[in-house]
Structure formats: structure tokens, C-alpha cells
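Let's take a friendly walk through a protein chain together. Have a look at the structure below, and then we will visit a few of its residues.

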Amino acid sequence: MVELQGIPVSPGVAIGPALVLDPDGYRIPRVFVAAAKADEEYARLREAVDLVAKRIADNRDETSAVAGDLTGDIFAAQLQMLHDPRLHAELGRRIRSQNQSAAYAVNRVLHDFAAALKQLDNPLLAERSQDVLDIEKQLLFELGAVSAQPLSDLTHTTVVLAHNLTPSETANLDRNFVHGFCTETGGPGGHTAIVAKGLELPAVVGIGNFIEDVNNGDTVIIDGDRGIVIISPDEETLAHYTRRLEERNSLSQRLSQLRDLPGETADGTRIRLSANIEFPHETESCIERGADGIGLYRTEFLYLSSLDEPSEEDHYQAYSQVVREMKGRPVVLRTLDLGADKMGHRPLAEHEHNPFLGLRSIRLSLRNLDLFRPQLRAVLRAAAHGDIRVMFPLITTIAELRQARMLLNLVAEDLKEEGIEYRSDIPVGMMVEVPAAVVMLDKFVGEVDFLSIGTNDLAQYTLAVDRSNEYVADLYQSCDPAVLRLIARCVEVADQSNTPLAVCGEMSSKPSRALLLIGMGVRNLSVPPSTLPRVKKAIRSVTITQCQEIAARVMNLEAARDIDMYLQDRLEDLVPELVVS
Ligand code: PEP
Ligand code: MG
């Protein structure tokens with residue numbers, strides 16, 4: 001048995017025989033064609049391009065239908081790359097002037113382009129290199145230079161292991177047979193991860209080299225919750241995961257019955273349970289899981305999933321869709337939180353030594369009004385269709401908040417002058433994710449309609465721990481007593497000033513921590529849609545007094561580890577059904 005650790009990108013458990021894909025890219029031999037045949041060879045390439053273009057367009061349409069337009073846009077971007085005139089000029093030059101075979105030219109040009117993208121000091125562009133390799137692979141297949149991967153004619157259930165899976169391969173996985181996948185390369189923000197999540201396929205990426213030692217048919221377990229992959233599990237492990245899979249399925253079944261019941265403690269304290277989304281199509285799973293609204297819409301994903309900068313109209317369409325589909329439930333739009341680890345295709349800032357302490361989030365938006373204005377216009381326009389609220393991320397100083405609010409007012413005036421339909425009397429809030437904002441919160445509350453604590457960043461900045469650095473992951477604890485004291489202060493100031501307060505960081509999606517937050521006085525939680533039923537179950541199983549007792553005890557503990565252990569014990573006592581072994 002071998003246990004490997006990777007990055008969990010799509011939750012769930014999958015067990016099945018391995019289907020190991022070609023471990024590496026292609027090396028096409030250097031073949032030349034006679035000068036007289038160059039035109040013929042170029043025509044063959046054009047034919048291959050047409051076939052691949054058709055397949056990509058089909059992928060785009062099918063993926064849009066299943067996982068929403070924004071996921072489908074990944075293939076729209078591939079289509080654009082495939083038709084890039086510079087690419088065709090270079091391929092034409094190699095075939096016609098250098099007499100290279102079409103397959104060799106495709107292999108060289110696209111491989112080099114992918115390698116160049118990969119070397120750029122920008123994780124998002126590096127991820128894009130996978131799209132280039134995807135196109136290369138398909139062209140080579142059409143040119144007869146490589147055979148297809150054995151993915152199309154599956155007849156039995158399987159778990160896919162690959163060096164890398166391209167977005168189109170992921171979208172084309174036959175979900176009747178493929179129950180999950182894991183890859184040696186890849187990061188959490190890549191398109192493959194996005195597609196996997198959209199399709200709800202358990203997945204782990206970025207494991208490092210391992211598939212050379214795995215044979216087709218070996219039993220593999222993918223634990224997409226913990227980012228673990230187990231090859232050839234022993235009997236005990238297999239039995240454990242088989243049980244977990246069954247428990248998971250029957251628990252989801254039972255929890256789905258809570259959908260129309262309110263998030264309310266056993267003794268009647270109402271807790272509003274909203275959902276965090278990145279893409280408009282996720283509203284469907286929010287409704288399915290009974291969310292009270294959208295508590296955090298991470299709008300920057302519109303940038304991250306598209307090659308072109310989104311226009312005001314793109315923003316407007318996305319927000320209008322969300323608010324329409326949420327049918328009167330409130331939708332909290334967070335303005336662009338770009339920068340640091342979330343960079344679009346067009347670099348918006350110069351290279352920075354400490355990007356997490358640099359020009360990110362609201363700071364970046366306020367310095368790039370060409371970027372910020374269209375978004376704010378779209379927010380106010382979409383607000384004409386429903387209950388939209390807006391909040392600004394990473395607010396550190398009062399001046400930033402005032403500047404952002406002023407811009408919102410200016411944009412409203414412009415819309416009025418232009419005679420465009422909009423609504424400007426929307427609630428305006430701020431995210432509390434920087435310790436300075438907590439310290440000064442009594443000053444901020446006079447200038448906002450609501451607060452939302454982003455515990456992911458609040459923990460990062462309080463503890464001086466990079467939230468995406470695996471070397472200090474043990475220090476990154478939202479339950480650290482220092483973070484809890486800051487949250488307690490937020491609750492106190494919010495209560496005193498009668499300002500609605502929510503917690504939308506990942507912390508609230510863990511049932512045991514949600515109970516702690518409720519005990520501390522939080523009454524609004526926003527969690528990823530897939531975790532909502534579990535949190536609701538926990539809330540409905542306890543009384544407010546039990547939550548308060550938990551909080552009182554926790555506030556006296558000194559270490560995150562002790563707090564976590566205590567919370568886990570309490571969850572086992574109070575809601576044993578939710579504890580997965
Ligand atoms: C947070 O920081 O807790 C948060 C919700 O925002 P994000 O995870 O998008 O930074
Ligand atoms: Mg944040």
C-alpha cells in the first residue's frame with residue numbers, strides 16, 4: 001500500500017481500478033516532406049485544425065450545459081488560441097519554407113509555447129500552458145501522429161491517474177465510468193481543477209512523480225476531502241474507505257431532507273446560512289441545498305476563468321443571472337479581490353517581493369479605475385433586478401473604504417446621467433480580514449451597512465502565515481486563540497453598533513467551528529454550497545446554551561491544537577452523525 005499526499009481540488013471519495021494515462025507529452029520525430037508536397041501537408045494541417053475546432057466547440061457547448069457558461073468559456077479560450085493567426089503563420093512557415101512535417105511543426109511550436117508559458121513567474125499563465133498542450137495533443141491525434149488516450153471507450157468504472165489532465169480531457173471524462181482522478185502536476189486554481197469541481201468529480205492534483213510505479217487495474221482510493229491518494233490499499237484501508245463512501249452517500253441523502261428547514265438551533269435561535277460561490281452556475285447547487293442567499297460571490301473568478309478582460313456587460317450578465325436565479329434571496333457581491341495569488345491574464349501590478357502585503361484586492365481596484373468602474377457600474381445595474389449587496393475586500397484603512405464608497409456614488413451619478421437602469425440604495429459592507437480593521441472596527445461601523453469576516457485572510461495576517469505555503473501550514477489555524485479574540489471583538493463592536501455581521505471564511509464551513517462561532521454570537525454564516533447541509537445539521541442538533549458553553553471553554557484555552565481537539569470532541573458528543581472517521 002502506498003499513501004500519497006497532494007492538493008485536494010474537488011471533494012468526495014472515489015475507489016476503483018486505476019486507468020494510467022500516458023505519463024508524459026509527445027516527442028514527434030523530425031520528419032521532412034518533399035518541397036512539392038508542402039502545400040498538401042499544409043492542407044492536411046488545416047483539415048486537422050478544422051476537426052479539432054469542431055471538437056473544442058462541442059466541448060464548449062456540452063460543458064456550458066453541464067457546468068455553466070464560465071466553465072465552458074475555458075474551451076472558448078482554447079478555440080481562440082487554435083485560431084491565433086501568429087500560430088498559423090509560424091506553422092505555415094515551418095511546413096512551407098522549412099519542409100517540416102505538419103506533426104513535427106505542431107509538436108515543436110506548441111511545445112515550446114507551452115514551455116515558455118510555464119516558465120513565466122505567474123501561476124495562472126503557467127496553468128494556461130495546459131491548454132496549449134491540450135490543443136497540441138488533439139492536433140497530433142488528427143494528424144495520425146499519436147493514438148487516442150483510452151478514455152473514450154470505457155466499459156467499466158475506473159479512477160484516472162495521469163501526469164496531467166487537460167481541461168478538455170477532464171470535461172470529456174465519462175462520468176458513468178470515471179469516478180475520480182489524480183494528477184502528478186497541477187494546482188488548485190487551474191482550469192482542470194475548476195472543471196472537476198464543476199462536475200463534482202473527486203480529485204487530487206499536484207502529487208509529484210508517482211504514476212510510473214502504478215499499473216493499470218491497481219486499486220486506487222482518491223480522498224478528495226483530504227488530498228490523499230492510496231495505491232493498492234490493504235484490506236483494512238479499503239474497508240474503511242468503502243464504509244466512508246457508503247456513509248457519505250447515505251448522509252447526503254439524509255441531509256438533503258433538511259433543505260427546506262431553517263438553519264435554527266434546537267431551541268429556536270435563527271442562524272442565516274448562505275453560500276459562497278465563484279461562478280454563476282453554482283446558484284443551482286445553492287438552491288438545491290437550501291441556502292438563505294449568497295453570502296460571498298467571489299467575482300474575481302470572472303477574470304480568472306477568461307483570457308480576455310471581462311467587460312461591464314460580462315459582469316452585468318453574470319450578476320443578473322445570479323440574482324435572478326436566487327429568486328429574491330440576498331446576494332452579497334464582493335468586488336474584485338485580484339492580486340497576490342489571484343492574477344488574471346493581463347498582469348495588473350509590477351513584480352512584487354511580498355504580493356500578499358502588496359497591491360492586492362481593494363488596493364489594486366482603487367489604483368485601476370478602468371478595472372473597477374465597469375464592475376461597480378455592473379453591480380448597480382444588476383441591483384435593479386433584485387437584492388444585491390456589495391462589499392469591499394481587504395479594507396485596512398477608513399480612507400480606502402471612503403474612496404470605494406465615493407466611487408460607487410460617482411458611478412451611480414454617471415448611470416443616472418446616461419439614463420441607464422440601475423439602483424444605488426443597496427447595502428454596502430466591508431470584509432474584515434486585516435487585524436488593523438478589527439482594531440479600528442468601532443470607527444468603521446459608522447460607515448458600513450454590514451460586516452463579513454474573512455477568516456482565511458484574517459488568520460493569515462494575524463499569524464503572519466502565508467495561507468498557501470505548505471511549509472508553514474501547521475501554523476495556519478483559524479482557531480488560533482489570537483484569531484478568536486479578534487473575532488470576539490468584531491462580534492462585540494457589531495452588537496454594540498447594531499451592525500449585521502457574518503463570517504464567510506472557510507472556518508464557518510466546518511460544523512465544529514460553526515458551533516463555536518454561534519456560541520461567540522455570530523448569527524450569519526456563509527459556506528461553500530457542498531458543506532451547507534452538514535453545517536445546517538449541526539446547528540439544528542444543538543441549543544444556543546450548548547454553543548455558548550463551547551465558546552466559554554474555548555476562550556480559556558491557549559493553543560489552536562487544544563481548541564480543535566476540544567471542538568472535535570464536542571461535535572462527536574452533540575452531532576455524532578457528522579463525524580467521519
Ligand atoms: C477570506 O479571506 O476569508 C475570504 C472569504 O476571502 P478569500 O478566501 O476569497 O480571500
Ligand atoms: Mg480574503
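Which residues does the UniProt annotation "active site" cover? According to that unreviewed entry, they are His-191 and Cys-504; such annotations may be inferred rather than shown by experiment, and their positions are given in the numbering used here. Of these residues, Cys-504 is included in the lining of the second largest cavity. On a 1 Å grid over the protein atoms alone, a cavity is a set of points where a 1.4 Å probe fits but cannot get out, and lining residues have an atom within 4 Å of a point.

This is a predicted model, in which local features need pLDDT of at least 70 and side-chain atom pairs count only at pLDDT 80 or more, while totals for chains, interfaces and linings use all residues. Residues are numbered from 1 along each chain as its sequence is written, chains are lettered from A and ligands numbered from 1 in the order in which they are written, and side-chain values use heavy atoms, leaving out hydrogens and water.

Now compare the places of two residues. Helices (H or I, at least four residues) and strands (E, at least two) are DSSP runs, numbered from the N terminus.

| Residue | Loop between | Relative accessible area |
|---|---|---|
| Cys-504 | strand 15 (501–503) and helix 19 (511–519) | 1% |
| Asp-337 | strand 11 (331–334) and helix 12 (362–367) | 2% |

Cys-504 counts as buried because its relative accessible area is 1%, and buried means under 20% (1.4 Å probe, protein chains only). Its contacts (heavy atoms within 4.5 Å), leaving aside neighbours within four places in sequence, include Asn-276, Met-431 and Ser-526. Asp-337 is buried too, at 2%.

Terms used:
On a 1 Å grid over the protein atoms alone, a cavity is a set of points where a 1.4 Å probe fits but cannot get out, and a pocket is an open set with protein on both sides within 12 Å along at least five of seven lines; lining residues have an atom within 4 Å of a point. Buried means under 20% relative accessible area, exposed over 50%, partly exposed in between (1.4 Å probe, protein chains only).
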